[in-house]
Amino acid sequence: MTPHVAAPDPQAGAAVKAADRAHVFHSWSAQGLIDPLAVAGAEGSYFWDYDGNRYLDFTSGLVYTNIGYQHPKVVAAIQEQAGKLATFAPAFAVDVRSEAARLIAERTPGDLDKIFFTNGGAEAVENAVRMARLHTGRHKVLSAFRSYHGATSTAINLTGDPRRWASDTGSAGVVRFWAPFLYRSPFYSETEQQECERALAHLEDTIAFEGPATIAAIILETVPGTAGIMTPPPGYLAGVRAICDKYGIVFVLDEVMAGFGRTGKWFAAEHFDVVPDLMTFAKGVNSGYVPLGGVAINAEIAATFDKRPYPGGLTYSGHPLACAAAVATIQVMEDEKVVEHAAHLGENVLGPGLRELAERHPSVGEVRGMGVFWALELVRNRETREPLVPYNAAGEAAAPMAALGAAAKKNGLWPFINMNRTHAVPACNASEAEVKEGLAALDAALSVADEYTA
Ligand SMILES: Cc1ncc(COP(=O)(O)O)c(C=O)c1O
């Protein structure tokens, strides 16, 4: 789909930028060092600025516009809902809220049939942890070092990546462990099977030494996202499920990023034939058109709160506009076979295309992923696997990745960059031609990264 791009209007862009710089305080940023692009519009897989530059979005926003920008059916559903009932308090039964919950529960695995709605992913994680703690009467939660679970208090403490450090209380009841990652194995493994066995043994050792009766939950991203899209080896998640059952620990899968089609299934858990006790979601549930997240709860944990009140809530839990957007998004994904298309892109276009790039570019150490959820691990040297930039590099140390990003943008591609990786995470409904256009731009950008290899 070729989007309509408005005529350039640099003056309007300058005014947007000036007000932003004067008054908007941005996430995760040194406010004086950033230069946010003023966005004039977006449609499908593209967005554009006020100077006439159009970009193919290989980031899906923050990996959430799974059906692209401005899908007309979802926009119309939000408009229609606004005209009918723009808002209503969470204590009431409201048609779109009921319908969104029904459609989500129908797609979640196993008996995850009750939905607690939140405004986003971090709140979903906070509430999943609260439910697990109340259900078990235990306090500790185990999470993986290579992970991201959100920026609120418990969620950021559960997070493994350096965004945690500034807010780490060290006493939030969180214990971190190493999940499998063969390319940079913490267990010196040489095969997927070894990595799986050793990671499970390490997890069980951690539980033994922490005290099984103190542990409420283990939380894992089904496929870790921002931390590097590390598909777990066969058997790992089933092994974690078995460990949780053995010790009475609640198993939480965080599908905030991996859910709603991104891996080529409705939920990534389906690839591994595993059913958690609680599952968090957000982002793709309505492509982020209106903030929405939630926890899908199994029958046993839901029953804990049958006679006993659940001590948690949010003014906008199940907001009608967000739920209308979810109902329309899920309908569009069914009608347009978006999940199947994401799987097809991964198997036949994006996956093979990225592997072909890896053959020609010495800076690519590993290609991994599925569906429209891929990472390129960039290295200085394929033999030593030294990352192209050090862990958590900033400023001059991160220059190779900045150069790659600039080259991608020059070629009309907006890339996802995190540490020494670029992720290829287009919309689930991107066309084959759009994905090929992105691959061509990445090809050019990787030639710049290659200059830093040795
Ligand atoms: C796996 C995962 N969990 C939780 C979150 C937090 O979601 P939110 O930013 O909506 O609070 C994210 C956000 O990227 C995520 O990727």
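Q: Is D273 buried or exposed?
A: D273 counts as exposed, at 74% relative accessibility. Exposed means over 50% relative accessible area, buried under 20%, and partly exposed in between, with a 1.4 Å probe and protein chains only. One caution: this is a predicted model, where local features need pLDDT of at least 70 and side-chain atom pairs count only at pLDDT 80 or more, while totals for chains, interfaces and linings use all residues. Residues are numbered from 1 along each chain as its sequence is written, and side-chain values use heavy atoms, with hydrogens and water left out.

Q: Thanks! Where is D273 found?
A: D273 sits in the loop between α9 (269-272) and β9 (278-281). D273 is not a glycine, yet has a positive phi of about 55°. Helices (H or I, at least four residues) and strands (E, at least two) are DSSP runs, numbered from the N terminus.

Q: And what about the phi of K283?
A: K283 has a positive phi too, about 30°, although K283 is not a glycine. Its place is the loop between β9 and β10 (293-297), and at 23% relative accessibility K283 counts as partly exposed.

Q: Switching topic: how many cavities of 30 Å³ or more are there?
A: The count comes to two. A cavity here is a set of points, on a 1 Å grid over the protein atoms alone, where a 1.4 Å probe fits but cannot get out; lining residues have an atom within 4 Å of a point. Grid points are joined across faces, edges and corners, and a volume is the space filled by probe spheres set on the points.

Q: Which residues are closest to the centre of the largest cavity?
A: Of its 13 lining residues, those are A179, L220, E221, P224 and Y236. The space inside is about 80 Å³. β7 (215-221) and α8 (236-247) each supply at least two residues of that lining.

Q: What lines the second largest cavity?
A: That lining is G44, S45, D57, S60, T65, G68, Y69, P426 and A427, around a volume of about 30 Å³.

Q: Zooming out, how many helices and strands does the chain have?
A: The chain has 14 helices and 16 strands. Its radius of gyration, taken over C-alpha atoms, is 22 Å, close to the 22 Å from the globule rule for 454 residues, so the chain is as compact as a globular protein of that length. That rule is 2.2 Å times the number of residues to the power 0.38.

Q: What share of the chain is buried?
A: Buried residues make up 55% of the 454.

Technical notes: 1 Å grid on protein atoms, 1.4 Å probe; cavity = no way out; pocket = protein on both sides within 12 Å on 5 of 7 lines; lining within 4 Å.
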